[in-house]
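Please open the model in the viewer and keep the sequence panel at hand.

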Amino acid sequence: MKQGIRSGASALAMMAMAAMPQVSHADEAGQQSGTVGLEEIVVTAQRKAESAQKAAIAISVVTAEALTKAGVNSAATLNSVAPSLTVAQGGGATTSYFVRGVGNFTNNAYSDPAVAFNYDGVYIGRPTSTGSAFFDLERIEVLKGPQGTLYGRNATGGAVNVLPAKPVIGKLMGAASLGYGNFNAIDGDAMINVPVGDNTAVRLAGKVVDSKGYYSDGTGNTKSQALRAQILTQPSAAVSLRLAADWAHNGGMGVGATYDGLLNFTPGAPASANAPANYTYVPANLGAWSGLLSPKASAFFANTVIGGSFISPAPLDKPFINDTNWGVEGEANLDTSIGKVTTLLAYRKSTLDDLFNGAPSFRGARTKESSHQFSAEVRLAGKPIGPVEWLIGGFFYDENVQGNSTYNQYLVSSIQSYTIGTKSYAGFGRLVFHATDHFRLVAGGRYTRDEKRIDGLANTLLDLCTNAPPPAGNGCFGGPSVPTGLTLADIAAQIPASQLPAGFPTAPGDVRPFGNAGNILTYAPVAVNKPLNNNRFTYRLAAEYDVGPQSLAYLSYETGYRSGGFALATGRETYAPEFIDAYTAGIKNRLMGNRLQINVEAFLWKYRNQQVSHFGFGSDGLTTYFTTNVGKSTIKGVDIDFQFKATPTTLLLGDVQYVDNTLDQFTYNVPRGGTSLPPAVGCPYAPGTEGGLPVYTIDCSGKPGLNSPRWSLNGGIRQDVPLGDYTLQLSLDGLYRSNRVIGFEYLAQHNSGDDFTADASIAFGPQDQRWQLTAWVRNLTDNNVRILTQYNNNVGGVIATSYAPPRTYGARASVKF
């Protein structure tokens, strides 16, 4: 750790806090006239427009200019601009958000995210529907800590607000940019804003991203297109109406991964640096960018994994993504005699057709899913009554998901069909009492009722070997493996009749010979058809004090709640809500004539009934993916960020975050006995019973929380060099993160290690920025940054890791009028 701290401290001088507000074009023009000062960024995180420096909450703001410089064009690239936020992409369209370790590897429709993602003010229920929102933006707000009052359910870790640029009345303007980089990366976008009469404007925007995969097998590529249209009208000073529609398509092969190696069951083997007790580790010796489909990776899998599993070396299914998301929304603002009424109605639909094998246990995992949601929110920001500001509101959310999924793990395949519905109702309010001109007390509350239902069926298809494994017997090496399909009929149609001499099993428990090497085929169904209702009151209490004209101190206590949900797993059908209590103390300062900004936040979060999604065993002993409540944790730390306008043309930025995320209680059970192997985990375990069945009780208490680096350091420099009527803009950014746990079992391979990445750009253009040419490089040092490691013992104990992109570079031309 000391070495990591020294590395981070030495890197801090050259690292950039891209997530903090940047110098605006207007401010740059002011610099040329000799004025010096940091700009004010207006945010709406508290459902009102206010300066980010006057908002008594823990928030990071990323401006449109900072997003462009950092190359943010998807959810995954947010990692580079928000130090407290970690975005992990799993198989297919899965996107998981973590704030200071609060989050979940959400991989199915049965569980909800712990960080609320809001696009244009609308809560997006499925993390799979967030990938194409990042173009023509005004800003991104990252709220740290539970947001149970104004944002409600499923915001235990925080909220990410993605805010598109709105139409501008009375102004004709447009912009376009086109970039090209290595991996044949093309990134283009365009926008036009057209006034219509004196009180209406239309804004159209679009984006295209196309790049070759950075893994040698072609995975990690991007193919996406997105469009957005808005119309804004203000028929009077008291009325504002906006209608918006957007559409996006994501394609390509999806996120890639590379084999790390495998854990071999070795009875009696002592624990080592690379393997737990009773296991030995065999490294794959493949490069970070090998991919799972490359010839070397396929050879490793066939020679070591398939051989150990006693089935024929069928190749992995080729992955693909074919997802479409669209939505419409209407926003109305009306000034009345008692206050401002805001109404936001939205409908969104998402269709997924994905196949992935990023998890090391999958030959192929296929999902065909359709979801749609309707939401309505009404708020009244009342006019002050004496010293009291007030706000009340109501919220309704209705989501329906219908789909089929299959998870083919060679020896075990789970074929699932499901219909899931969620209705959520909430009422909320907020009061601000101005005790003095400089001291305020804040109280807010929200009551939420969630009504959920599921009608699901999971057929678990088993490909078993009837022979003893070597050296006791011949095993079933060379026997057939089960193909991937979305239904049992689909799978049966793909198997040659010669491999099923007695036919495909037609009822649960049927045992049919499969091939001629000793395999048998059978299946067991798991049906879940039930409702689940949760209710919760969450609240926030705070005190704010203006220490000086540009200094604000605040204390707050806030609660958060994430609703429970379902799983298609015997004995794991439902799980309970999780809760978080957050204590925050902070101070925001502007000093030296508005040239220096220093913000400090100290936080203590108590996280209980914590939900974690992972692979494990149901009470029937079958491998499945489910969510459980595993315990509680304590998260505490300090976040310090600064900006310093050293000269009219020089801006220094930085952020230091220290987080101690400790699992106070974290236990779960896995089956013991029969063919079950001792668990391959980095935590202590002991034999026990659950429901009369023998289990191992695994205790990971005292371990660090997932995706929670102890140290995160960002910082850097922006330098403008005037060249007559032109300007050269230099930018150097960087990010250091200490080790974090990126896998559930706490194996040695689930440690990311310390990593440091640096980005740089140089831009040239006229001072009015009508056009600009930019050259950029990201991950300058070409470091291998591990973002997700997965393990499953069902297929030879394989471990695989997904990596962030290697060094990328390119150029971009932009023009605006």
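Select Cys-683 and Cys-700: a disulfide joins them, with an S to S distance of 2.0 Å; a disulfide is here a pair of cysteine sulfur atoms within 2.5 Å. The torsion about the S-S bond of Cys-683 and Cys-700 is about 100°, so this disulfide is right-handed. The pair links distant parts of the chain, 17 residues apart: Cys-683 sits in the loop between strand 33 (650-671) and strand 34 (685-690), and Cys-700 in the loop between strand 35 (693-699) and strand 36 (711-723). Helices (H or I, at least four residues) and strands (E, at least two) are DSSP runs, numbered from the N terminus. Both Cys-683 and Cys-700 are buried. Buried means under 20% relative accessible area, exposed over 50%, and partly exposed in between, with a 1.4 Å probe and protein chains only.

The model is predicted: local features need pLDDT of at least 70 and side-chain atom pairs count only at pLDDT 80 or more, while totals for chains, interfaces and linings use all residues. Residues are numbered from 1 along each chain as its sequence is written, and side-chain values use heavy atoms, with hydrogens and water left out.

**The other disulfide**

Next, select Cys-465 and Cys-476, which are joined by a disulfide with an S to S distance of 2.0 Å. Which hand does this disulfide have? The torsion about the S-S bond of Cys-465 and Cys-476 is about 90°, so the disulfide is right-handed. Cys-465 lies in strand 24 (residues 439-465) and Cys-476 in the loop between strand 24 and helix 5 (488-494), so the pair ties together parts that are eleven residues apart in sequence. Cys-465 is partly exposed, with a relative accessible area of 32%, whereas Cys-476 is buried, at 1%. The count comes to two disulfides, and with bonded cysteines counted along the chain their pattern is 1-2, 3-4.

Strands of a sheet pair through backbone hydrogen bonds, either parallel or antiparallel. Two strands count as paired if DSSP finds at least two bridges between them.

Where is the bridge partner of Gly-261? The partner is Ile-799, in strand 41.

**Two residues with positive phi**

Most residues other than glycine have a negative phi, and most peptide bonds are trans. Select Asn-285, which has a positive phi of about 55° although it is not a glycine. Asn-285 is found in the loop between strand 17 and helix 4 (295-309) and counts as exposed, at 70% relative accessibility. Then move to Asp-782, whose phi is also positive, near 55°. Asp-782 is placed in the loop between strand 39 and strand 40 and is partly exposed, at 32% relative accessibility.

Select Gln-772 in strand 39 (residues 771-778). Is Gln-772 buried or exposed? Gln-772 is buried, with a relative accessible area of 17%. A polar contact of 3.2 Å joins its side chain to that of Gln-729. A polar contact is a pair of N or O atoms within 3.5 Å; within protein, one must be able to donate a hydrogen and the other to accept it, and residues adjacent in sequence count only if both atoms are side-chain atoms. Leaving aside neighbours within four places in sequence, Gln-772 is in contact (heavy atoms within 4.5 Å) with residues including Phe-764, Arg-812 and Ser-814.

**The whole chain**

Finally, zoom out to the entire protein, which has five helices and 42 strands. Of its 817 residues, 58% count as buried. Along its principal axes the C-alpha trace spans about 85 × 55 × 55 Å.
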